Amino acid sequence: MILVAILFVLRLTCIEAALTISPTGHTVAISEASVDGDTVYNGYSASGQGTGALYYYTLESISPNPGVGNEPFVLVQGLASDTNTADVLVQLPPGLDFETTQQWQLDVIVTDLADPSAGTATAVLTVDINDSPDPPTFLNLPGTGTVPELVTTSEIVKRVTVSDDENPADASGITITILSMNPAGGPFLIDSVVSTAGEAVATIKNTVNPGFDYEFGTTTWDITLEATDVNNDVSTAILTVNVLDENEPVVISNLPDTQVVGETMHGQIFVVETLDVDINDTASVPTFTMTTNPANGPFTIDALGNIEVVPPGLNYNFEDYWTLTITIVDDDGNTDTQPLYVQVTDQNSGPLILNLPSTVNVSEDSAGGLWVFTLNPYDVDGDTAICTISSNPNDGNFVFDTLTYEITLSATPSLDYQITPTYGVTIVCNDGMDVGPMAKLTINIIEVNEPPVILNLPATVTVPEDAINAAWIFIANGYDDDGDNLDFTISVTPSSGQSKFFVADFGENDGNISIVNSPNFDYEDVDQYIVIVTASDGEYTATGTLNVDITDVNEPPQFDLKPQTLYLDENLPINTILSSIDLSVTDIDDDPWNLTFAVVPSTYSAFFKVNQVPRLKVASLMDYEAVFPEPFNIEVSVTDTDGNSDILTIEVYLQNVNDNEPEFAVDPYVVTVSESLPGGTTILTVAATDDDGDNIEYSIDPPSLYVEVDEVTGELILKQPLNREALPWMIRVEVIATDDGTPSLQGFTYVNITIKDINDNEPLFEKTFYNWEIRYDTSIGSYVNSVKATDSDRGANADVTYSLLLDHVFYDMDGVGKVSVNSILRPEFMYLLFCRAEDSGKPLMISDITTIRIDTFIPELVLINVHLGITEPDFTTAVRTQMLDSLNAIYPPWQFRISAVKTEDVVVSSRRLLARYSLFT
């Protein structure tokens, strides 16, 4: 057997009386009708901890469990002290209900805040609930019901539901009555009361023909209902009934009626009036319709209800009594129909003209005496009609025969559509006593087409032979007496000139005759053109002649070959003849030796000159890499003695000779690259230029493990991510630019790549578990110990701050990891703290949680190490108990207990052990 040393720590403790609560068990009975704050039990007290005790009570549990926030009891007490007592009171809501729970059991717990090691004491309070009478309950009142104002039958207003908690399964004993109504005597009744599923349902109805009137009567009734159960318990509730407004039809308010009307009456005879009793309707005009008996009577009704007599009017001899039936329809489709009776009285009336009003057409070229119209007068009384006419305008063109009633043209009419297109003829007839209604005949004058004319032809104009731009040369003035639009056309002699001229309509019936762009007139070929101009109104035409004389003009010299292209090498010697340029000129009017040649001043003209032979020469050295585009233009002019000239444009291509090496814009390039960038990322583009315009190829020499360059674009590309923790802070590569000229030339630059740290490492604690020990009486604010974490990043990414995961009552930790005491500590107590570390980078990186165990000890305690020659498994609970009982019996009043047990191969302090080996009793 292997002997293992066991460490015992024996500590001295005073023996005190046990903590008790009084009474430990008690039963009380209270009514379910108890109100908030009623006492359930008064005067729980505690003892056993001496005069320094701080007794504190809690209501630990309630059975059955009502759930958090639904507790029907509350515990009240004073400040914690050795004389503190507690009471249990009723709490509303939720209050008590005998029908739900008849008995409750409460556990009241007391602790000594001054000595938590004393444990707790428990008292059990049994609360019996006594039943109390409950009146019936209206489940859906107070509430409202509605009834339409136009109802005539007995309709349901509301079904009222009542229950009784004392008899929840049977509601047959509940009676429901109407106690009162406000206003009194309302037209309502209880139709029936039906019991079902523990509820009594009363159906409230209105009476038959209740006579509701929303506009002028009562619109709200309050009905007080009374419910009584079998125990004669009574409850009341109010049902509010609202009368609903219903749309009532608009009615005719001034019919039926009878109107007596003379047969000569025309116009308004009656106005229909309407009434809408709905107070909430917006003002609107109903739609009016009307029928007559006999049918098709001479009456109309408009949108405002105005009834009028219309032609042919009333005739006593034909009909002396009419029935007009008027119908109105409001916006909701409601209708009302009423009659209007019209009594016609006999009166003499003037003649009517039965065939007017009317319209006739007369041609403006009609002959005198032409028949135009015959009147058809009619007198209902049989009298002879005497008629007169008046014409507007009254120009004597129309004659009226009073015997035959015929209207004819005068003997010599002068009708002209352009002056008077319409005549209005007014006719009035009488029978010797009364004048009949005025009638009108409209006479439309029909236009007759007349041929157009061209007012300003023939004519002659001159045009120079060198005219090159489109321009008008003459405006032909057309005129059409009928105002018709004229279309112009031309024909040209000789026919070769047809394409050189054109005509366009030019407002107010004029024709604009113009020459085309680049007509290419040649005086030596044709010196006159004859232009025949035609104007048409679609039926008739007019023609005129325009003579166009071409005048001679001195013509400029012309280069024979243009434009031209010149290719030459850079830096050719001055006075080099550029023989590829041909300066030959043709001039039909001048001697070639009188022509003057020159290089036209421009950006590049100073590099060239021309003599009178003529020959183009180099005037100044030209460097391809200077300011020459590719290509650039120069111009050479030739001028005759009259100042006429021509221009030759020469497109010049300056040929490059390779004499410049590539040059980088920057040397060195500097770039900062995040270590998180993946391989394949472009981090920079280098660029070199070659004044010779050669193509450039990029390379890195020597090749780099970390970057490569695109030989065409110059893009610098990562081959792999740059781990800042594994590489120097900067990498340097040399980039070469090589042109494709002959011979090939190179340029060089460096690229300095700074690796930017990213926050990709979280802080790591030196330990995953810290175990410290301090005196229990360490003062508040005292430093205890520190934790330490490291971060492999750099700069702010490696700046570590510390904090507790959860706020701790007894300890605090500052940002540098120092732990200090924050409150009075308990002796021989184990405190656990959980902390973490975070860096200052972005994104923020946080460490894993590290545990700190802090044990407090009493320095005055006697610590005794006892070595036992047994193994740890042999040191059973029974052996431990036997040893402690023996020590306590030998050394009263001292009390012994085991603080810790360890094997000899575990190294610990003399005051505490690591958690996995600790044992506390």
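Modeller: A residue counts as buried under 20% relative accessible area, as exposed over 50%, and as partly exposed in between. The model discussed here is predicted.

Biologist: How does R775 count by relative accessibility?

Modeller: The side chains of R775 and D777 meet in a salt bridge, at 3.1 Å from N to O. D777 has a relative accessible area of 38%. For R775 the value is 39%, which lies between the limits of 20% and 50%, so R775 counts as partly exposed.

Biologist: How many salt bridges does a search of the whole structure find?

Modeller: Side chains of opposite charge can pair when their charged atoms come close. Among the salt bridges is the one in which the side chains of D855 and R853 meet, at 2.9 Å from N to O; D855 and R853 are both buried. A search of the whole structure finds a total of 4.

Biologist: Is D646 itself buried or exposed?

Modeller: The relative accessibility of D646 is 8%. This value is under the limit of 20%, so D646 counts as buried.

Biologist: Which peptide bond has omega near 0°?

Modeller: Most residues other than glycine have a negative phi, and most peptide bonds are trans. A cis peptide bond joins L255 and P256, with omega about 5°, and P256 is in the loop between β17 and β18. The bond with omega near 0° runs from N392 to P393.

Biologist: Is N296, with its positive phi, buried or exposed?

Modeller: N296 is not a glycine, and its phi is near 60°. The residue is placed in the loop between β21 and β22. Its relative accessibility is 78%, over the limit of 50%, so N296 counts as exposed.

Biologist: Is Y405 buried or exposed?

Modeller: Y405 also has a positive phi, of about 60°, although it is not a glycine. It is found in the loop between β31 and β32. Its relative accessibility of 16% is under 20%, so Y405 counts as buried.

Biologist: How much space lies in the largest cavity?

Modeller: Rolling a probe the size of a water molecule over the atoms shows where empty space is left. The structure holds 1 cavity of 30 Å³ or more. D164, N167, D170, G173, I174, D229 and V230 line the largest cavity, and by class they are 2 nonpolar, 2 polar and 3 charged residues. The space in the largest cavity is about 40 Å³.

Biologist: What volume has the second largest pocket?

Modeller: The lining of the second largest pocket divides into 11 nonpolar, 8 polar and 3 charged residues. The volume of this pocket is about 370 Å³.

Biologist: Which of its 22 lining residues are the closest to the centre of that pocket?

Modeller: The lining of the second largest pocket includes 11 nonpolar residues. Of the 22 lining residues, the closest to the centre are P312, G313, L314, N315 and L352.

How values were computed: Residues numbered from 1 in each chain as written. Predicted model: local features only at pLDDT ≥ 70, side-chain atom pairs only at ≥ 80, totals over all residues. Heavy atoms only, no water. 1 Å grid on protein atoms, 1.4 Å probe; cavity = no way out; pocket = protein on both sides within 12 Å on 5 of 7 lines; lining within 4 Å. Points joined across faces, edges and corners; volume = space filled by probe spheres on them. Nonpolar A, V, L, I, M, F, W, Y, C, P; charged D, E, K, R; others polar. Helix = DSSP H or I, 4+ residues; strand = E, 2+ residues; numbered from the N terminus. Buried < 20%, exposed > 50% of the residue type's maximum accessible area, 1.4 Å probe, protein only.
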